[in-house]
Amino acid sequence: MTRVLIPSGALGLGFDHDALMQGIANKPDIIAIDGGSTDSGPAYLGQGVSKYSAASTRVEWRALLLARAQAGVPLVIGTAGTCGADSTVDWLFELTKQIAKAEGLSLKIALLYSGQSPKDIARALHGGTLQPLPAAPDIDTQIIENCTNIVALAGAEQIQAALKTSADVIIAGRATDTATIAALPLMRGDHPGAAWHGAKVGECGALATSRPNSGVIQIDFDKTGFTIEPLAADTFATPGSVSAHMLYENSDPFELYEPGGHLDVTHATYAALDARSVRVEGSIWVPGPYTVKIEGARVAGYQSVSIAMLRERRYVENVQSWADDITAKCRAKVIDRMELDPADFQIDLRLIGVNAVLGALETQTSSPHEVGVMGVVTAPSADLALEINKMLNPYLLHHPLEEDEPMPTFAFPFSPPEMARGAIYEFCLHHILTLDDPMAAFKLETHEVAHA
């Protein structure tokens with residue numbers, strides 16, 4: 001049997017410290033936590049930085065390092081620093097060394113790097129070992145070379161390689177959400193279907209329980225299945241909450257693809273063992289070709305943003321036609337005065353309180369009493385985006401619905417209203433890479449940190 005303690009769905013989200021201490025008292029074999037994902041968009045991978053604050057990360061990581069020292073078991077994090085780029089692995093490594101020095105900890109630390117060379121990925125593209133996933137964008141060598149960061153998603157095999165170094169702490173770059181949880185149970189011979197299924201259920205901490213924000217759960221893996229138990233007070237799991245997690249961020253509620261095969265839970269059974277815990281059996285692991293997902297991000301342009309506020313009733317009621325007229329007139333002015341091609345820039349007025357989220361798909365028709373107008377200008381350079389936004393400024397401040405009516409004045413909440421967003425990024429690689437050796441696309445290092 002292998003007991004995995006999962007403190008939270010991601011480092012930086014917080015967790016119940018009392019529940020964590022209960023988990024340590026239960027004598028886990030490993031502590032596993034995720035560091036991030038692509039949920040928050042491509043900017044973090046593009047820039048190679050963490051979404052979460054260094055202060056929050058430091059506080060939570062310190063608590064986990066001290067808990068690990070108390071338990072005497074490995075602590076592993078996957079997708080370190082939100083995006084799992086090599087730079088964020090190094091960032092968390094530096095935080096770890098600082099904490100170790102302050103707390104007098106001696107640690108063996110394994111660093112698993114997932115970063116990929118554009119030249120290697122381009123070579124794989126032309127060699128046929130890089131293949132698109134459904135809905136992947138068209139790519140070529142130039143697009144690959146324009147990527148600011150490319151990562152491969154590690155699976156259980158790469159985490160196992162790090163565990164075999166006998167490291168106290170493993171800081172892994174981009175990895176599947178399940179890999180850090182499934183790796184040790186698989187390495188110790190527990191049921192492979194259960195290892196992957198339990199890892200899927202536990203990837204987001206307590207999300208599959210009655211108190212998702214409580215964070216801490218433990219999962220026991222064995223030869224026939226797994227048992228999940230939340231550790232925070234007044235928190236419980238049910239067969240429904242556990243089985244439903246296969247729907248989370250997954251297009252198929254019965255299959256989940258991972259490096260080296262896929263999980264099939266079609267015939268899985270879920271049973272409440274008591275008021276808190278759930279037992280799952282019947283999951284199947286189906287081996288397949290060894291592929292790893294490849295993610296890449298590149299600069300897609302530069303943006304400048306303005307915000308104006310409308311409250312006058314007639315303008316609020318006619319805000320869409322007002323915004324359409326501004327967009328048309330401002331675009332024409334930019335083309336005329338800056339001699340830009342229409343395809344070289346975008347002006348997008350998003351009506352907050354009307355249809356800013358769904359746009360043309362919005363079905364709610366009630367009239368708001370005020371509308372926020374967010375003007376988003378995208379251009380090939382930061383200077384161009386700002387210049388176009390300055391052309392937009394007079395329209396947002398004074399544009400009338402009709403030419404022959406008195407000049408209106410609207411409200412800017414900031415002065416100046418133009419706010420530079422800098423570079424914006426887009427995902428441009430959504431592919432799989434076939435590997436003969438699971439470690440071929442990854443690099444593993446170990447370091448000794450001695451402060452005892």
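A: The account below begins with the arginine and then turns to the cysteines and the helix. This is a predicted model, in which local features need pLDDT of at least 70 and side-chain atom pairs count only at pLDDT 80 or more, while totals for chains, interfaces and linings use all residues. Residues are numbered from 1 along each chain as its sequence is written, and side-chain values use heavy atoms, with hydrogens and water left out.

Arginine 174 lies in the loop between β7 (169-172) and α8 (179-187); helices (H or I, at least four residues) and strands (E, at least two) are DSSP runs, numbered from the N terminus. Arginine 174 has a relative accessible area of 5% and is therefore buried, a term that means under 20% relative accessible area, with exposed over 50% and partly exposed in between (1.4 Å probe, protein chains only). Beyond its neighbours within four places in sequence, arginine 174 is in contact with residues including Thr79, Cys83, Ser114 and Glu295, where contact means heavy atoms within 4.5 Å.

One of these residues, cysteine 83, is likewise buried, at 5% relative accessible area. The structure holds zero disulfides, a disulfide being a pair of cysteine sulfur atoms within 2.5 Å. Cysteine 83 cannot form one because its sulfur is 13 Å from the closest cysteine sulfur, in cysteine 147. Cysteine 428 is also in no disulfide, the nearest cysteine sulfur, that of cysteine 147, being 3.3 Å away. Cysteine 428 is buried, with 3% relative accessibility.

Helix α7 (residues 156-163) is mostly covered, with six of its eight residues buried: Ala156, Gln158, Ile159, Gln160, Ala162 and Leu163.
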